[in-house]
Amino acid sequence: MTSPAVINGKFTPEFAAYTKLTLVNRLQNELNGSSQPQSSRSMTFEELMTALDNQRVINPGFARQTPSDEEEYNRIYQQQHGQNMITRHRYEAIMRAYQLGLVDLNGVLIM
């Protein structure tokens, strides 16, 4: 069962994870001078949710533990938004995406 992006007018933790792994990481890469090719696209939110639901490694070459910079970003995120169920579920979705090989070496969701 996939999660919607918005429930009761609020973004879901899964959608927050999706935006982190698409928009935020891509912008951080550009700010650090390591932009990705223009043609580089990410999977859709629905594709991410399906992949997380299936729990199968999609790309073994990218399957790995969550990098330390992602862990540090999460600590800062929790300080700003609180340590609650929503922030925990957001980070769990990010960790699963890395473990399933859904995130490229630049921290962006693969197509």
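**Salt bridges and a helix crossing**

Mentor: A search of the whole structure finds three salt bridges, a salt bridge being a side-chain nitrogen of Lys or Arg within 4 Å of a carboxyl oxygen of Asp or Glu. This is a predicted model, in which local features need pLDDT of at least 70 and side-chain atom pairs count only at pLDDT 80 or more, while totals for chains, interfaces and linings use all residues. Residues are numbered from 1 along each chain as its sequence is written, and side-chain values use heavy atoms, with hydrogens and water left out.

Trainee: What makes Glu70 and Lys20 a salt bridge?

Mentor: Their closest N and O atoms are 2.9 Å apart, and the limit is 4 Å, so the pair qualifies. The pair links distant parts of the chain, with Glu70 in helix H3 and Lys20 in helix H1, 50 residues apart; a helix here is a DSSP run of H or I with at least four residues, numbered from the N terminus. Both Glu70 and Lys20 are buried, a word that stands for under 20% relative accessible area, with exposed meaning over 50% and partly exposed the range in between, for a 1.4 Å probe and protein chains only.

Trainee: Why are Arg88 and Glu92 called what they are in terms of accessibility?

Mentor: Arg88 has 43% relative accessibility and therefore counts as partly exposed, and Glu92, at 32%, also counts as partly exposed. Arg88 and Glu92 form a salt bridge whose closest N and O atoms are 3.6 Å apart, and because they are four residues apart in helix H4 (residues 85-99), about one helical turn separates them.

Trainee: How do you know how H1 is oriented relative to H3?

Mentor: The axes of helix H1 (residues 13-31) and helix H3 (residues 68-81) come within 13 Å and cross at roughly 115 degrees, which makes H1 roughly perpendicular to H3. That name covers 65 to 115 degrees, whereas angles under 35 count as roughly parallel, those over 145 as roughly antiparallel and the rest as oblique.

Trainee: Which residues make the contact between H1 and H3?

Mentor: H1 contributes Ala16, Lys20, Leu21, Val24, Asn25 and Gln28, and H3 contributes Glu70, Tyr73 and Tyr77, where contact means heavy atoms within 4.5 Å. These residues divide into five nonpolar, two polar and two charged; Ala, Val, Leu, Ile, Met, Phe, Trp, Tyr, Cys and Pro count as nonpolar, Asp, Glu, Lys and Arg as charged, and the others, Gly among them, as polar.

Technical notes: Axes fitted to C-alpha atoms, helices over the stretch in contact; angles between N-to-C directions. Helix = DSSP H or I, 4+ residues; strand = E, 2+ residues; numbered from the N terminus.
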